[in-house]
Amino acid sequence: MKKVFVLLGLLFSIASYAQTNDEIAGVYLKRARKVIEESIDFKEAKVLYEKAMRYVDSVKTSDMAMLGARIYFEMEEYKKAKKLSKKYFALVKNRKSEEYEDQLELAILITEELEQQEEEQKRLEEARIKKEKEIKFIDSLKIEWRAKAKLMALPFDSIYAFNKNQVAIYSNKGKLGLLNDVAEVIIEANDFEDVVSFDGILIFKDKVNEPSKLYYYNTSTFEGFDIPALSTYNTLSTHYGTIMLPRANGQLVTYPNNSYEPFIFDLNSKSLVRLENQKDVFKNLRKSDAIDKYNNDGEVKKDKNWYTFGGHLGGGVHPLYKENYVLSGFLFSIDGTFMSTKTDYQYLGSFYNNTMQAIQGNETIWVNQNGTKISAVEDGSKGYSGESRIVKTNGGFHIMQGDKIVSGEDRLETIEDFVARFFKK
């Protein structure tokens, strides 16, 4: 009997609790209606309505469904509004009332707004997908552009200025080469560590000091060839020694080791330049008192010293050597002046246009026909007037013309223009 009372008490407690939840829900629903009536605050009404729903397991009356449908409609949550509108029509008893007619109108409005909302959502989703595809396409184009730009990059350590013939020397891994102003390599940077350049003529050297291999390139004629090996000139010489600036007359002068005369090479005729009428020259030098004596061994006496006669640099200038292949000085036959390598000039280049290059210590100067220092001679190859410019990039250089990267006949616009070009298609 006691167990029966306990069970009845439990059931009564549950029933009381359920009734209490319904009552609490009713309070919140009443507040929601009041908020709408007094201040038309559907946002607050929604909060109160959803609090009420926490106390019940479902919408039990048509009033609850009607209120919820109205609130969610005003809050533009049309899916919830439609669900509650359907619930209203499932619960309502009186289908002849004005309220029923109002709910029919509301149901139609909900359906129309929901359709518009879903259509807009569909449009936005399609736009999102389109934008996503567009972004992926743009990313792929950017990857493609970067790959093209990388292929058109010159992976060099440095590129020097272009000359007026549209070429520039470049260096890579300690070697020098030559390229033109559309990024085409003319001479690979494989064999040469140094270059002597003047008047558009380049002499590439396999070593900075004591080079044994030389290569000539004329940037005006775009002609190049290997300078003959020293063995064709003097079997005792192992390197070309000091290389003087090549001049526009095509004369190259170097001072090899183990030699009693400079290596003078005519780059235009590709032939060695040697004084053929040495005896006649000696006679004229003696006649003009430029020398004191000469002998049949190719020696001349000047100021009480005997020298081995070293040929002709042009302009009546002659190198003179002491024993053991020591370059002692230069005889300027125009006035008989002798200039010593110890006190004056260590080396002289080819005479051209009334000037000669001279090396004095670590300095290059210019002298005239009697050895007097004059104003510096300007390099005739300077003054690039083309469109190209050299731009440093990660890992190398680009040759640019305007805003385009150039490589031979290929042109690559900016990444922005590259992407825009494909979208225009």
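These are my notebook entries on a predicted model, written as I looked through it.

**Entry 1: ground rules**

I number residues from 1 along each chain as its sequence is written. Because this is a predicted model, local features need pLDDT of at least 70 and side-chain atom pairs count only at pLDDT 80 or more, while totals for chains, interfaces and linings use all residues; side-chain values use heavy atoms, with hydrogens and water left out.

**Entry 2: confidence**

I checked pLDDT, the predictor's confidence in each residue, from 0 to 100. The chain averages 92, and 95% of the residues score at least 70.

**Entry 3: nonpolar cores**

Next I looked up the nonpolar cores, which are sets of buried Ala, Val, Leu, Ile, Met, Phe, Trp, Tyr and Cys residues joined through side-chain atoms within 4.5 Å. Buried means under 20% relative accessible area, exposed means over 50%, and partly exposed lies in between (1.4 Å probe, protein chains only).

The largest core has 32 residues, and Tyr49, Leu67, Ile71 and Tyr88 have the most contacts inside it. Helices H1 (2–39), H2 (42–53), H3 (62–74), H4 (78–91) and H5 (98–151) each give it two or more residues. Helices here are DSSP runs of H or I with at least four residues, strands are runs of E with at least two, and both are numbered from the N terminus. Which helix gives the most to this core? It is H3, with eight residues.

I then followed Tyr49: leaving aside neighbours within four places in sequence, its contacts include Leu29, Val59, Met64, Leu67, Ile71 and Leu84. A second, separate core of 19 residues includes Leu313, Phe330, Met339 and Met356.

**Entry 4: two open sheets**

For strands to pair, DSSP must find at least two bridges between them. E1 pairs with E2 (residues 167–172) over two bridges, and Ile159 has Tyr170 as its bridge partner in E2.

Another open sheet has six strands, ordered E13-E14-E15-E16-E17-E18 and also antiparallel. Its edges are E13 (293–294) and E18 (337–340). Two bridges join E15 (residues 305–309) to E16 (residues 317–322), and the partner of Thr308 in E16 is Tyr321.

**Entry 5: strand E10**

How many of the residues of E10 are buried? I counted five of its five. Gln251, Val253 and Tyr255 point one way, whereas Leu252 and Thr254 point the other way. In a regular strand the side chains alternate between the two faces of the sheet.

Two bridges join E10 to E9 (residues 242–243), with Thr242 partnered by Tyr255. Four bridges join E10 to E11 in the antiparallel sense, and Gln251 stands opposite Asp266 in E11.

**Entry 6: Asn258**

Asn258 is found in the loop between E10 (251–255) and E11 (263–266). Is Asn258 buried or partly exposed? Asn258 is partly exposed, with a relative accessible area of 29%. Beyond four places in sequence, Asn258 is in contact with Asn234, Leu236, Ser237 and Tyr325. Ser237 is 21 residues away from Asn258 in sequence, yet their C-alpha atoms are 5.1 Å apart. Finally, I noted that a polar atom of the Asn258 side chain lies 2.9 Å from the backbone oxygen of Leu236.

Note on methods:
Contact means heavy atoms within 4.5 Å. A polar contact is a pair of N or O atoms within 3.5 Å; within protein, one must be able to donate a hydrogen and the other to accept it, and residues adjacent in sequence count only if both atoms are side-chain atoms.
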